[in-house]
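Student: I would like to go through the labels on this model. Can we set each one against its criterion?

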Amino acid sequence: MSPRWVRLPPVVLAVRGAALALAAAGLGHTLWHGVREPGHALAFGVLVTIGELARWGAQPGEREPAPLGAAGALAYALLGSSGGEPTSHGALQVIAVLVAAQLVASVPHVARGSGPGPDQVARRIVTVAFAAVCFQPLYNSGRSASWFGDGPYYAAFLLVLLGLTALCDAVLGALLLRARTLPRSLRAVGATPVPYGPLLRDELRALRGIGSAVCATGAVMALGVAVAGLWALPVLCVPLLLTQVSFRRFAAVRTTYRQTIASLARSTEIAGYTPHGHARRVAALCTAVGREMGLSGPELTVLEYAALMHDIGQLSLVDPVPAGATAALPAAEQRRIALLGGAVVRQTGVDTEVAVVVEQQADPYREQPLAARIVRAVNAYDDLCGEGLSGPLGALEQLRLGTGRDYQSQVVESLARVLARGGLTPVPPG
């Protein structure tokens, strides 16, 4: 085993090992026994390949950059009859077709230095294998026909399987993300990883978007091919392709929107009111603390934008605050800067919720929404670290001394856990 694999977290090794074993079993069984219904294998293999090639142009952070490939693989895993005639390809052939399609699609991706990572590929193989193993033995043994027939109960059975498959995928995704959030060196000294619950909630919430479209299309493809044969595939692909284009455009607009806010937030740095990188550091820490405290995706977005723009009210000052450290100012001055910042945010057209968080970041913490409490504590921590007198541990100690008066204790302790996973080292400037 190579040193690179040895350094991987155990969960990642387990998922990759399971995917590798499934791929070897599927390819070996199919090569030994031959391909059953080769026309169907070729059609679904081409569909998955095209879907995987559609990863080109994906925006950073897309939950599912290849929805057509995922839906095609799920449809083949849940395929019973085709055009009224039963099929008999089995679960191992489903895995073999998926692996072959991913290998073919990976050639142009590798040539241009892009494409899915090993964890994404392993996650796809394990998820599709779960669906195939749950469905194919029941269908080939005739139990699904005797239990559910061919009517609405059969469709409901497919939907239940898809729900379980989506849950399996979410569990795997959260496990892999949790394993990746803590380097091996920090795990060795007893640092704790990100809590599993918030990560799983994020994965489950993502199912309401492109995830639900993938599952629905997979079920409709399987049912459509059962009635009309392979001719149903190209027709049923169109809605998902249009959905993918829409999601990709939305992601592009959202990325541009965030870049605009980040550029606006840098105006205080360019004008010399705040240290270089302060807004970016506060936004990164606020997002981590918000995730630690279980905020949802939209709430994290509002928190990130408010953290980026929390100091924009300083542009109204005649003389800059030394080192931009507003935490040391009198409470009345802090509130005045916060209100001016909220007014600026409202004029930029940014979401009103962001302006509210910016306006209330200097209010007594019991009157603040959770996002404003997080921004206040994290901003104070970065200001105290920037003074260079007490360091990260000393800054945390000062925040703890201020709990009950200036900062919420749960926010400060969440910040401490986030920093512990990073070795209590502040994000470097720049």
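This is a predicted model: local features need pLDDT of at least 70, side-chain atom pairs count only at pLDDT 80 or more; totals for chains, interfaces and linings use all residues.

Student: What is the secondary structure of the chain, and how much of the chain is buried?

Tutor: The chain has 19 helices and two strands. Of its 430 residues, 47% are buried.

Student: What share of the contacts is between residues 24 or more positions apart?

Tutor: That share is 72%, taken over contacts with a separation of 6 or more.

Student: Why are α18 and α19 called roughly antiparallel?

Tutor: Start with the angle. Helix α18 covers residues 391-401 and helix α19 covers residues 409-421. They pack at about 165°, and their axes are 10 Å apart. Angles over 145 degrees count as roughly antiparallel. The pair is therefore roughly antiparallel.

Student: Which hand does the crossing of α18 and α19 have?

Tutor: The crossing is left-handed.

Student: Which residues make the contact between α18 and α19?

Tutor: From α18 come L396, L399 and R400. From α19 come V412, E413, L415, A416 and L419. By class, six residues of this contact are nonpolar, two are charged and none is polar. Leu, Val and Ala count as nonpolar, Arg and Glu as charged. So R400 and E413 are the charged residues here.

Student: What makes R373 count as buried?

Tutor: R373 sits in helix α17, residues 370-386. Its relative accessibility is 17%. Buried means under 20%. R373 therefore counts as buried.

Student: What does R373 touch, leaving out residues up to four places away in sequence?

Tutor: R373 touches Y365, R366, Q368, Q408 and V411. With Q368 there is also a polar contact: the R373 side chain reaches the backbone oxygen of Q368 at 3.1 Å. The cut-off for such a pair is 3.5 Å.

Student: How far is R373 from D406?

Tutor: Their C-alpha atoms are separated by 9.1 Å. Along the chain, R373 and D406 are 33 residues apart.

Student: Where does E37 lie, and what is its phi?

Tutor: E37 lies in the loop between α2 (10-33) and α3 (38-53). Its phi is near 45°, a positive value in a residue other than glycine.

Student: Why is E37 called partly exposed?

Tutor: Its relative accessible area is 21%. Buried requires under 20%, and exposed requires over 50%.

Key: Residues are numbered from 1 along each chain as its sequence is written. Side-chain values use heavy atoms; hydrogens and water are left out. Axes are lines fitted to C-alpha atoms, for helices over the stretch in contact, and angles run from 0 to 180 degrees between N-to-C directions. Helices (H or I, at least four residues) and strands (E, at least two) are DSSP runs, numbered from the N terminus. Angles under 35 degrees count as roughly parallel, over 145 as roughly antiparallel, 65 to 115 as roughly perpendicular and the rest as oblique. A crossing is left-handed if the near helix is turned anticlockwise from the far one by less than a right angle, and right-handed if clockwise. Contact means heavy atoms within 4.5 Å. Buried means under 20% relative accessible area, exposed over 50%, partly exposed in between (1.4 Å probe, protein chains only). A polar contact is a pair of N or O atoms within 3.5 Å; within protein, one must be able to donate a hydrogen and the other to accept it, and residues adjacent in sequence count only if both atoms are side-chain atoms.
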